Amino acid sequence: MRARVIAVLAVIAGVVRGLVRREPPPGLARAEREPDPRKRQVGADPRAEVAVAALLVLGGALAFAFAVLIAAYPQTQLLGATLAAGLACIGAALALASSRVVPREVDVEQRHPVAEEVDEELTQEVREGGAGISRRRLLAGAAGVAGAGIAGAFVMPLTALGPSLGDAPNDSPWRRGRRLVDPEGRPLRAADIGIGSMQNALPANDPSALEDLAAPIVVVRVDPRTLDLPPDRRTWAPNGILAFSQICTHAACAVTLFRYPVDEETSKPPGLVCPCHYSTFDVRRGAVPVFGPAVRPLPQLPLAIDGEGFLVANGPLSGSVGPSYLNVKRAKDVK
Amino acid sequence: MRRRARRAAFALAVVCAGLAVWSAAAGGRQQPPPARTPSDAALARRGRDLYAGTCATCHGENLRGVPGRGPALLRGGAAAADFYLSTGRMPIADPTDEPSRAEPQMSGADIAALVAYVGSFGGLPVPSADPARGNVARGKETFTESCAGCHQVMARGGIVTGAFVPALQDVTARQVAEAARVGPYLMPVFDAGRLPQRDLDDVAAYVRYTAHPDDRGGWGIGNIGPVPEGMVTWLLAAVALLGIVRALGERAP
């Protein structure tokens, strides 16, 4: 792998060095090959103008395609390819215009203060900047297309900032009596949850569960003798089976890590851990944060076991789901 | 003189062939599960002596554990014993350290004896997983759902608060099965209710696959995720952009 990195870098270094070397030596030889760059060179190259216009239109169209795709068919590879190709076309157009279309002149600034008449000279030069360009309207139109496309490409992603989640974090599908199912939709049997195991779960018969922030929960089971829940939650964990919202209260990542010790005395107590910033929640005390940036506990779902041995919710979640910046409304959640 | 050289070359070839066979065998390291035969009793007796000498200080008489030193071995049984011994995690010098993978410190025969002794108390039997019966694609799905949170999607390992999570490129299918059923150190338990045998075979097939992934799409960069990939892109793209700028620019005479 290292050899490949070195090879790629060597190729790039070689290309760059080749470009540097290709420059002719200074002095007479250079003057013979190229006109003196200090002299004003007027482009007057209609073919280059058409090429620049074509590149600008193509670039603008690609950037516009990005803006349309982001709304209609947001596929990452396609988005990246259209925006990159659009920017490359516009960049190539600018490079070509600078070398073949606009007048070129090397201006050496004198050290003495710029007098009034020099300013006038400069104004005149700027006015004459379009000399030798025949298809001015075409170029201006093409540049307008490019600008509009790029503006669209930069404005459309702003739509990702909204719409606001509204009351969604407080509007959870969990109600008393609702069964817990695994991600394949099979109801969870209490007897199948072993001590020290972890299982993702969703509310039964909820077609929108996968798009609902408040739906996913994690089910873990600890030794019931080691539970240390607050007094009002004593009945929430039958047989040591606990359920919590899976959305971290720090930055809304999915809490996917569960640690359960073989021997607590020589390692660590059980905990749910968020993979983004390693916020760690003590499940036996109701998922209070014990490490990391999260400050609010994961909302707990009171559980019960129904007559057929399946796990059901025994009430709503104990608090607002997700981080505080997602519009937490219940005062008791804000600590 | 020439004959001696020829003989040396022959000896060298034999050694090389031996090493090749050994390394090929080690690549597919799949020790047979401990035998369940009448000689088990004799094996367990030998295991008891080894246990008394090597393990009892921390794990106590009759596998009951010693508070603050080592856990009881009654639940993990033969599965845990085989996992910890065959991955070189036990014996450990400091019981408060995280046991980490190393060359096995005991011979295969000693490990078999200890596994038989620990297994004679009950507990989890040595499980198995057959990657040949598993499906790599399904295994990746199950692994992503159940294991990748800690072990990372390409099984390169990571951390959880309080422990390093090992990479899995060197583990055998049997060790995958043992780790799932036992839940060593801080790992949660994946029993048959949580991870049926079929899923376990799939996961074992996927874990074996991650040792030699085919890196479709190009360069793996260690298969450790998007951060190094982004860094490579930026560093290469930045150099390329500098080259383009250099090509476009002109020096004043």
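Helices (H or I, at least four residues) and strands (E, at least two) are runs assigned by DSSP and numbered from the N terminus. Read along its sequence, chain B goes α-α-α-α-α-α-α-β-β-α-α-α, which comes to 10 helices and 2 strands. The model is a predicted one, where local features need pLDDT of at least 70, side-chain atom pairs count only at pLDDT 80 or more, and totals for chains, interfaces and linings use all residues. Residues are numbered from 1 along each chain as its sequence is written, chains are lettered from A and ligands numbered from 1 in the order in which they are written, and side-chain values use heavy atoms, with hydrogens and water left out.

Chain B has 253 residues, and 38% of them count as buried (under 20% relative accessible area, with exposed meaning over 50% and partly exposed in between, using a 1.4 Å probe and protein chains only). Take the contacts in chain B (heavy atoms within 4.5 Å) with a separation of 6 or more: 63% of them involve residues 24 or more positions apart. The accessible surface of chain B is about 14200 Å², and 63% of that belongs to carbon and sulfur atoms; such areas come from the Shrake-Rupley method with a 1.4 Å probe, and for residues only the protein chains shown count as cover.

On to chain A, which has 6 helices and 10 strands. Of its 335 residues, 39% are buried. It exposes about 18900 Å², with carbon and sulfur atoms supplying 59%.

Four of the strands in chain A make an open antiparallel sheet, ordered β1-β2-β3-β4; two strands pair if DSSP finds at least two bridges between them. At the edges stand β1 (180-181) and β4 (241-245) of chain A, each with a single partner strand, so one side of each has no neighbour in the sheet. Strand β3 (residues 217-221) of chain A pairs with β4(A) over 5 bridges, and A:I217 has A:S245 as its bridge partner.

What about helix packing in chain A? The axes of α3 (residues 46-72) and α6 (residues 136-155) of chain A come within 7 Å and cross at roughly 20 degrees. Axes are lines fitted to C-alpha atoms, for helices over the stretch in contact, with angles running from 0 to 180 degrees between N-to-C directions. That angle makes α3(A) roughly parallel to α6(A) (under 35 degrees; over 145 is roughly antiparallel, 65 to 115 roughly perpendicular, the rest oblique). Residues of α3(A) that meet α6(A) include A:V52, A:L56 and A:F64, while the α6(A) side includes A:L139, A:A146 and A:I150.
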